[in-house]
Amino acid sequence: MTELDSKSVIAWLRLLGEVYGQKKDYLTDLDAAIGDADHGANMARGFAAVATKLDALEGKDIGTIFKTAAMTLLSTVGGASGPLYGSFFLQAASVANNKNALTAAEVGAALDAGIKAVVSRGKAQAGDKTMLDALLPALAAYQEAVVGGLVPGLQKAVEAAKAGSAATKPLIAKKGRASYLGERSAGHLDPGAESSTFLLDALLTTASQ
Amino acid sequence: MVGIVLVSHSRALAEAARKLVLAMTGDELPLAVAAGTGDDRSELGTDATEILTAIQTVETGDGALVLMDMGSAILSAETALDFLDEDQRQRIRLCSAPFIEGAVAAGVSAKLGNPLDDILREAMGALHQKQDHLHDTEPTATPASAPTPEMQGEILTLRIALPNPLGLHARPAARLAQEAAAFKADIRLRNLTSGKGPISARSLTGLVTLEARNRHELEIAASGPEAQAALDRLKAFIDAGLGDPLDETVPAPVEKATGPARTIGISSGLAVGRLFFPGESAIEPPAQAIEDVKAEYKRLQDALTQTRTRMQQEMAALTRQLGKAKAEIFSAQMLVLDDPQLIEKAESRMACQKENAARAWWFAISEAVQSYLQLNDELLRQRAADLHDVGLAVLRSLGVATNEKIEIPEPGLIVVRDLTPGQVTQLDPEKIRGVICLEGGKTSHSAILLRSRGIPAIAQAGSLIPPLRPSTTPTMAIINGASGEIQLDPDKATLEKIETEQAAQRERAALEKKESAKPAVTPDGRHIEVAANVGSLADAQTAYENGADGIGLLRTEFLFMDRDSAPSEDEQTESLRAIVEAMHGKPVVVRTLDAGGDKDLPYLNLPQEENPFLGVRAIRLCLRRRELFHTQLRAILRAATAGDLRIMFPMIATMGELQEANAELAKAHESLLAEKIDHPWPVPVGMMMEVPSAAMLAADFAPEVKFFSIGTNDLTQYTLAVDRGNTALQDLSDPMNPAVLSLIERIIHAAHAHQLPVAICGEAGSDPACAAKFLALGIDELSMNPRAIPGMKQFIRQPAPA
């Protein structure tokens, strides 16, 4: 696949509903160690709600699809990941407005816009033990590898996200509920970085089909 | 009415908070809840879209305040704002106040119909009461400027535009604070133009941080029994310019960080050397916690009182020296000691954090200094150093050692942000050849002191030398403290030339000092006494080391300054004796008290005079305060057992005065005799020649005394009718004026006819050009600043060809 069309976007979001359903307990366990044990449940609830909207979105442009996903996440996730992922899709939508397919470069632009929104909403930076520790290296890897095409770009992005997420383990959380633990937050993976890695991994799976 | 939105993870919590608020306000308050997640909102979480709807429900044009619990509540609320149009978003405030207390405070304030930002402030201060009550919390959540308590009772307000061309700077602000303090009323000011305030009108710090400039609109609110009278008075006072001239010209604005500011000279002299960046020594009062808060309050109050007394004494003296207008800056400094904002802040630190008085006070001062430094007004930024200084004075009263001495490893120039007056007095002029201030100005108290210490200095060098990166800054500089010029990293030739000159000068000085113990004999064989003007034991020691042939003028005022009451006879005796002993048998001329004029002593309660230099000063004062005089004369006679002591009366204008003074001296002698207290008698008595009437009658005075000493400063000022402090008349204030020289000649002639020696003890005596003239007229002794003695002796031995 060289482009990401609206059908694929819907397939991606549908897959995310399944993925977060399966990973619900995993993410919740991670969050239980350093947060308030709701990340898995929140993500599962939010993306399940998104999944119910997808049938009605068949044939709509990608901007509309992203925007609907964003608003659904904002109102159903409940935790901080609601406004964070919601803002991610909302800003990605601004790049994808009125488009039925995104080129590899446009996917990069959408990721870029979405991740910037996460940065400005969460006011976190790399190394704070947040989802950005997966997303920022992924974006950089994608932009570097995207000349080779969409899928190779996403492959590199997922690799980078996984590495970045794994690297959150020794970090001390600077943002969110986990930051209340201070040094005790070290030694655990960041659930947000993991859920972000799943998000990109699902996109790679969809794009590779 | 302003609406309130409560955002919480928990629906139950938010609903309960809603009930609490409405119980206080009634149901009409527009209040909406956005809380919980999941289908029935029973799960914990927040929903940005629900918050958006809630805001849109309660915000109907007057604005809305959003209170939230934590985590996603904050992110969701911020996200919700993204969906509002720009116009409406401007009317929404997300507020970090504690959820329950903030909601109640905001609800009550909103119900009263207050504007949005007042409600925000109320909410932000909502924890204050609880903290005050429990004394347990770290008030880190308290906003930097602690909220002032609500005004009580009926509140009257008025709006007025500030007419002052220079804005509400320290002096008019001080006058305003003083004026406001006179009324039984709680008075608050807001600057409607800048949006700053409200602050208490009695808080000088508060007033200046209003940043009120020309034509800014101020709102004055007053409550209390004299509210109306206070408003009327303040309106009239502000309209009249708060004591500032309304046609005052606005100096070219020196805005912060705009363009390459020009350096200005603040203390003249040429200095060259390596640059040192001593940095700011952080003052860290001891951290030990306290038990008894009330006792600590009292300690602070006592320290403030003590500092006030000390400052009043210092400032009264400075007032006379510097003139009334400049002295008002110091009275502004004193107001810091009464500033309710500072004191409240310190007390709240003591109460809430169990900080000791010193630490709490220093916290309040540091915070105020920071806020001054962030102001846009150059004049006000200069005051930060003053505030710092007053703060330090109080710390010292609290027994904290404030070692802020600046030391550098080898001689050079220091680069500092600014210096406090206290730091200036501690600079070692041997090492610190010059000072480069990044900020500061000519009018600062520190600049005045730098000038008096003769240390070359320039200011406003901030744009030339980035202080934070010494690695990239220049290593050498030449500064000219007169012109303000600075040459960074001068080329080798320039540097060598200046260094050679200065080295030669130092070498010459060393040589002169080596020869200084030897007598000064003119090429034609006349032996000239070169003596010292001394005002302390340290001066006397310096004088001896520099080869002084004696003390030609011992100013006894130092015994009387900086204290609450006159020194006892024993104390005076001891101090004088130490000085006489320090001279190892060389003659010491003790001048009796020369107070009044430019030297006030607060405990004497001297009346304010129209013309202090023509008023009750020196001998005139002593003859009106006989007890004071009697005590001093007894002390002088008793100290005379320690060496060769002589007595000199200042400001003698008539023969009657001299006779009265002599009669007092005889009485002192008789009383000592009656008490069998050891003292020599008679002691040689001389008089100052500084009033033209005495000079005219020198021939009559000569048989009555053993020596004359001419005070050229006063003789010049009285002869030419020129105030020597008036800079506009500097050229008239010339001891070489023929009329003055003619009087000096007359004095010398009369003295020599009776074999009396004549000394010059004025500043002119150390100026080689003047000294040459005095020598030509036949003077016998020159008395001067001890450091000038070696050079003068050398000059006398080989006067430069005319």
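This is a predicted model: local features need pLDDT of at least 70, side-chain atom pairs count only at pLDDT 80 or more; totals for chains, interfaces and linings use all residues.
User: What does the secondary structure of chain A come to?

Analyst: Chain A has 9 helices and 2 strands. Along the sequence, their pattern is β-α-α-α-α-α-β-α-α-α-α.

User: How does the radius of gyration of chain A stand against that of a compact globule?

Analyst: A compact globule with 209 residues would have a radius of gyration near 17 Å; chain A has 16 Å, so the value agrees. Taken along the principal axes, the box filled by the C-alpha atoms of chain A is roughly 45 × 35 × 30 Å.

User: How do I read the packing of helix 7 and helix 8 of chain A?

Analyst: Begin with the angle and the axis distance. Helix 7 (residues 132-145) and helix 8 (residues 150-166) of chain A pack at about 150 degrees, and their axes are 7 Å apart. Angles over 145 degrees count as roughly antiparallel, and this pair of helix 7 and helix 8 of chain A is therefore roughly antiparallel. The crossing of these two helices of chain A is right-handed.

User: Which residues make the contact, and how do they divide by class?

Analyst: From helix 7 of chain A the contact includes A:Pro137, A:Ala141 and A:Tyr142, and from helix 8 of chain A it includes A:Leu154, A:Ala157 and A:Ala161. The residues of the contact between helix 7 and helix 8 of chain A divide into 12 nonpolar, 3 polar and 2 charged.

User: At what angle do helix 2 and helix 3 of chain B cross?

Analyst: The axes of helix 2 (residues 48-58) and helix 3 (residues 72-82) of chain B cross at roughly 60 degrees and come within 8 Å. That makes helix 2 of chain B oblique to helix 3 of chain B. Helix 2 of chain B passes helix 3 of chain B in a right-handed crossing. Among the residues in contact are B:Ile51, B:Leu52 and B:Ile55 of helix 2 of chain B, with B:Ala73, B:Ala77 and B:Leu81 of helix 3 of chain B. By class, this contact of helix 2 with helix 3 of chain B has 8 nonpolar, 2 polar and no charged residues.

User: Now the sheets. How do strands of a sheet pair?

Analyst: Strands of a sheet pair through backbone hydrogen bonds, either parallel or antiparallel. In chain B, an open sheet of 4 strands in the order 2-1-3-4 has parallel pairing. Its edge strands are strand 2 (31-35) and strand 4 (92-95) of chain B, each pairing on one side only. The twist from one strand to the next averages 20 degrees. Strand 3 (residues 64-68) of chain B runs parallel to strand 4 of chain B, joined by 4 bridges. B:Leu65 has B:Arg93 in strand 4 of chain B as its bridge partner.

User: Which strands does helix 1 of chain B touch, and which does helix 2 of chain B touch?

Analyst: Helix 1 (residues 11-25) of chain B packs on the sheet and touches strand 1 (3-8) and strand 2 of chain B; its direction makes about 165 degrees with that of strand 2 of chain B. Helix 2 of chain B also packs on the sheet, touching strand 1, strand 2, strand 3 and strand 4 of chain B, and its direction makes about 180 degrees with that of strand 2 of chain B.

User: What is the strand order of the antiparallel sheet in chain B?

Analyst: The order is 5-8-6-7, with 4 strands forming an open sheet. Strand 5 (156-161) and strand 7 (196-200) of chain B each have a single partner strand, so one side of each is left without a neighbour in the sheet. Strand 6 (residues 186-191) of chain B pairs with strand 7 of chain B over 3 bridges in the antiparallel sense. There B:Asn191 stands opposite B:Lys196. Helix 10 (residues 227-239) of chain B packs on this sheet, touching strand 5, strand 6 and strand 8 (217-223) of chain B.

Terms used: Residues are numbered from 1 along each chain as its sequence is written. Chains are lettered from A and ligands numbered from 1 in the order in which they are written. Side-chain values use heavy atoms; hydrogens and water are left out. Axes are lines fitted to C-alpha atoms, for helices over the stretch in contact, and angles run from 0 to 180 degrees between N-to-C directions. Angles under 35 degrees count as roughly parallel, over 145 as roughly antiparallel, 65 to 115 as roughly perpendicular and the rest as oblique. A crossing is left-handed if the near helix is turned anticlockwise from the far one by less than a right angle, and right-handed if clockwise. Contact means heavy atoms within 4.5 Å. Ala, Val, Leu, Ile, Met, Phe, Trp, Tyr, Cys and Pro count as nonpolar, Asp, Glu, Lys and Arg as charged, and the others, Gly among them, as polar. Two strands pair if DSSP finds at least two bridges between them. The radius of gyration is taken over C-alpha atoms; the globule rule is 2.2 Å times the number of residues to the power 0.38.
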